[in-house]
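Hi,

Here is the structure I promised to send over. Have a look at it first, and then read on for what turned up.

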Amino acid sequence: MNNNIIENNCWKEAGSVSPELLKELSKKQFSVKPDDAEMIKRLTREKIDRPVIYIGAGTCGLGAGAKATRKQIEKYLADNNMNADILEVGCIGLCSAEPLVDIQIPGKTRVSFKNITAEKVASLLDNFFSGNIPEDKVLGQFHSQSSAPWDNVPFLSQHPFFAPQKRWVLINCGIVDPLNIEEYVSRGGYASLFTALTKNNPTEVCDIVEKSGLRGRGGGGFPTGKKWKFAASGKSEQKYLICNADEGDPGAFMDRAVIEGDPFRLLEGMTIAAYGIGASKGYIYIRAEYPLAIERLYHAMEKAKKYGLLGHNILGTDFNFDLTIKMGAGAFVCGEETALMNSIEGKRGMPRPRPPYPAVSGLFGKPTIINNVETLTNIPMIFFKGADYFSSFGTPTSKGTKVFALSGKVSRTGLVEIEMGTTLRDIVFKIGGGCPNGKKYKAAQIGGPSGGCIPDSQADIEIDYEKLKTVGAIMGSGGLVVMDENTCMVDVAKFFMDFIQRESCGKCIPCREGTKRLLEILENITKGRKGKSEEESLLRMQGIITMEQLARVIGSTSLCGLGQTASNPVLSTLRWFRNEYEEHIFDRHCSAGVCKELIEYSIDEHKCKGCTLCARKCPVSAIMGKAKTPHYIIPDKCIACGQCKSVCPFDAVFTK
Amino acid sequence: MNIEVNGKKIQASDGVTILEALTEAGIKVPTLCHMKGLPPSGACRICIVENAENGVLIPSCSFPAWEGMKIFTHSQKALAARKTIVELLLANHPDDCLYCDRNNNCELQDLAVEFDVRKRKYSPTKNNYHIDSSSPAILRDPAKCILCGKCVRVCEEIQAVSAIDFVRRGSRSMIAPAFCESLNTSSCVNCGQCVAICPTGALVERNSIADVINALNDPEKIVVIQHAPALSVSLAEEFGLDAGQDIIGVMTAALRKIGFDKVFDTSFTADLTIMEEANELVDRIKTGGKLPMITSCSPAWIKFAETFYPEFIDNISTCRSPQQMMGAVIKSYFAQKQNIDPSKIYSVSVMPCTAKKFEAARPEMLRNGVADIDAVLTTRELAKLITRFGIDLKNLNPEEADTPFGTRSSAGKLFAGSGGVMEAAVRTAHFMLTGKNPGNPVISALRGLEGIKELSLDINGLILKAAVVSSLGNARKILDAVKKGEAQYHFIEIMSCPGGCINGGGQPRSVNKENVIKRLKALYAIDEESELKYSHENPDIVRLYNEYFKKPGSHMAHELLHTHYGKRDLLK
């Protein structure tokens, strides 16, 4: 088997297709024939006859205007009487550069351009087709075995965003046509399923996954192969496999991007998993807010069924696997596996006590394995390259790669996949390019509402399940929000607590009642002294005293993972940013300038020219002063809306 | 299994949960959501215990005990966590115990006492909810609800009604009927099992005590009261006496002391029901009428059928329930006999049931716009009434019920337990079919607390097939089987509450099944000792027919003792 598909990263093009697989598929009138090397080259676009224009049209691309870009491109081609194929691909990862447009012409490598909104299309294409690569727009060129590279154009693989990454799960994302099963197969897709089904028995499949060291990417980090074995060993006529695509963490969008960009990979991974555990029925539980991903999945399922890669007698074996897509109604708690199963069963999404664990008694009381999207999309890789290869990457306890959705106060946002063991600092500074506008990095929130904040002092920590725990964070599903010096950590804790107390299912008392009380305590901390009675101030202090103890009880007594980790944002910010809490509590001051009630606006009399703009803009008439003389803000009237500061042309308004 | 609890080695049975192991060993751990006999829900977290090995808190209700397990049930960590949970509940609770129906009888209050909660630890904004007083039977106060979920589970898992469920998310979660509508427009059948299981004052019966006292103080009114067969064997518990004591005489004396002008025993009209129902059954069998015939005594079952099984309405006996028959004969036969204007009679009934409040107010139960029953009290309300009037049950001499309905057969008394109606009906049907009483009046196949009981009895060549069902969840099973043709019966007795009226929604809140068994045994003891075991032999019944109704199923009987029901559309 040719291995170079995986080598280093995806920028080295071409994959190896398994001739045996093609032979099997040809029984179902699959258009790619085993001896048709030419066709494979065309499908992988190693060989093209006319220009191909790729548009990044994942949800992020569409949000940035990819549809308008496409229209403009079509118009350009029509106006100029040009023939070219237009292909919508998923997200390559660098969301902040969307809409991305790649152009490939026969004989030359594919070149990627950034931020090509509709109005930039004409000039880009004008330039490109007249042989100029506009430097300000170019992101980089792809590697190719059969095409000539462009001179003086950097390779995408050397781009700082991509260079430190190791793309296994995202290997096809943003590169391939997500609707084209022939292309997926031509790039080596379904070779793993073929290997697993024809060369391994289910026990071996579980063994291989266990040996690979793959751990659950949904947050918990339970060894995947071990989990599979629990269900595999259960004696039941019916077993289920569920893919958890109910991605609900604020700032997390890995699952969406993977499904939009490479849906067949998930189906292949699920089919291998189902074979390993003996499940004949599977569900993909995906949030209804992901319409494009759902559409892609339906399309992919239809194609896979057509060619005998899903459904009955998969690849000519006696293995059957049926898949159903179940749409979630947007409850965060339905990402918790037992609540998710309740939801599939048509009940209210509320967790059940464990044990019994789903692997023993899960969906409809049958042995059930629930894996998340990233875990399952790792599976094809393991069978393609072998468990040993997989486990040769990463740290002693955390193997392989991890995908993060990098967002927040960071220059380059998007989807990144790094080898386990990469430091957080490398992710934020090398890949993300650090905080924009020269601001100082303060912390990264990792693992969403269940996770914790990692401060600058700990940023050299390696990404590893166990190591992250030592600093009060968790791997989580992959949300990574960067915060700079203008972020108030009490405010961050408040944000997550507000989220959690809304999303608690309401079943167990500590989570339902406790998170609300925690939120109230945090709100009180960020409140000003103005208009408060002494009793209220006393109650504020009383709350603060109980906060930490309450947070610990919520964590240690709650029913499900949501509640057990609900207080992590509070505990973690308390651990690393206690001084900020103290500043809010004792000085009633927020040095990040976020907590409005604690900010006092003043006017610098030396800078103020008396232009009266602020006085006119003030919604509560709290600014006094005659024209052409310095103005003054009446503190008792001021509601700290910040209007004056934002309109002052002389930068005379300041906060303290 | 060897386990170690609080440093002491003890034995536990295999396959039990930690809580069950602790209960076996006599160690008490508080719970709010645990329901014996149902799978654990793990909602309240009060039952957590500390794993001695690693300090982790484990919910004892849902976690299986394991060999070599070492736990602390009352370690500092466990107690502090429990106390915090109680404080959290109290933080979002109205804090108005003094005004609460459940004051001194509330599981949350008990926990507050147990954990010595002496100050308000959190000063939150409490959820603001309206009281739902739309139902004629049940009052719902969401503010007092601690969301233990027991009402939801009893409604769904035992009663298969699912009138209420969790709605909304997070701290705004509450338990409500679909679309947050009120109970009267929901599928609620008023059985009151939720009321009986609610640990706080969130679900209580609609209180009619004030109405009754007003009537008692009205010089124009003749206030009569009837008490259901289940009352005399369960009321004692409300006064701290052992379960299963029959205090019929003392109760009658107490009711007179309160000021009721006449005290009647509903068991009498239970006999009357048997006369009509057995006659109807024999008639249906002989004339090829609609079978199986199903009993009609349980008003929650009637509403259940109207809502979920309208196709069975014609199977339901047209007989009114004993309460309504008594109401009817009081305001007709009794009024005539005593020469009283029926509109001056205020007719009260004491029932082990909340649905009876609903039944009394049904439009079908009005005659010329006047209700036969003016107020229905539950067993619990009667206890409060007795206390209100300063009556000490221990110092009362037993008294007899009033005429003309003074005598009852023990068959009528058996109505209080699941299988009792069937047993009484079979005794009389046997007589009606053969002219002879059965050799042995006791039909043991119909006795006990099982949810579904079956009987196949040879009555002179007729193989009478019958089923006895208690709880509406079991009713569903039987009706579905009948619908599919998997089971065939002549006669089905359906009682809405598990075990029948002795475990009704208006009964003393009994934490354990043993009390229900004791109540049932008391009924069997009464039957055992009774010299009058057949409804048709009740001399007052014989006289009532001679003087008034002439014969079972007569025109007059149909007018006063029978009724009809109709389909209910849930979405209306």
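A quick word on "domain" before we start: the domain bounds used here come from an automatic or database domain assignment. Also keep in mind that this is a predicted model.

For chain A, that assignment lists domain 1 (42-158), domain 2 (189-391), domain 3 (401-487), domain 4 (490-586) and domain 5 (600-655). Take domain 1 and domain 2 of chain A: their C-alpha centres are 34 Å apart. Where they touch, domain 1 of chain A puts in 5 residues and domain 2 of chain A puts in 6 residues. On the domain 1 side of that contact, you'll find 2 nonpolar, 3 polar and no charged residues.

Finally, zoom in on helix H16 (residues 424-431) of chain A. Its residues A:Leu424, A:Ile427, A:Val428 and A:Ile431 are buried. Looking down the axis of H16(A), these buried residues fall within an arc of 120°, so they line one face of the helix. What do the buried residues of H16(A) pack against? Five strands of chain A turn up there: S10 (401-408), S11 (414-419), S12 (441-446), S13 (452-455) and S14 (479-484). Just after H16(A) comes A:Gly433, with a positive phi of about 80°.

Cheers

Note on methods
Residues are numbered from 1 along each chain as its sequence is written. Chains are lettered from A and ligands numbered from 1 in the order in which they are written. This is a predicted model: local features need pLDDT of at least 70, side-chain atom pairs count only at pLDDT 80 or more; totals for chains, interfaces and linings use all residues. Two residues are in contact if their C-beta atoms, placed from the backbone, lie within 7 Å. Ala, Val, Leu, Ile, Met, Phe, Trp, Tyr, Cys and Pro count as nonpolar, Asp, Glu, Lys and Arg as charged, and the others, Gly among them, as polar. A residue is buried if 20 or more other C-beta atoms lie within 10 Å of its own, exposed if 12 or fewer, and partly exposed in between; C-beta atoms are placed from the backbone. Helices (H or I, at least four residues) and strands (E, at least two) are DSSP runs, numbered from the N terminus. The arc is that of the directions from the helix axis to the C-beta atoms.
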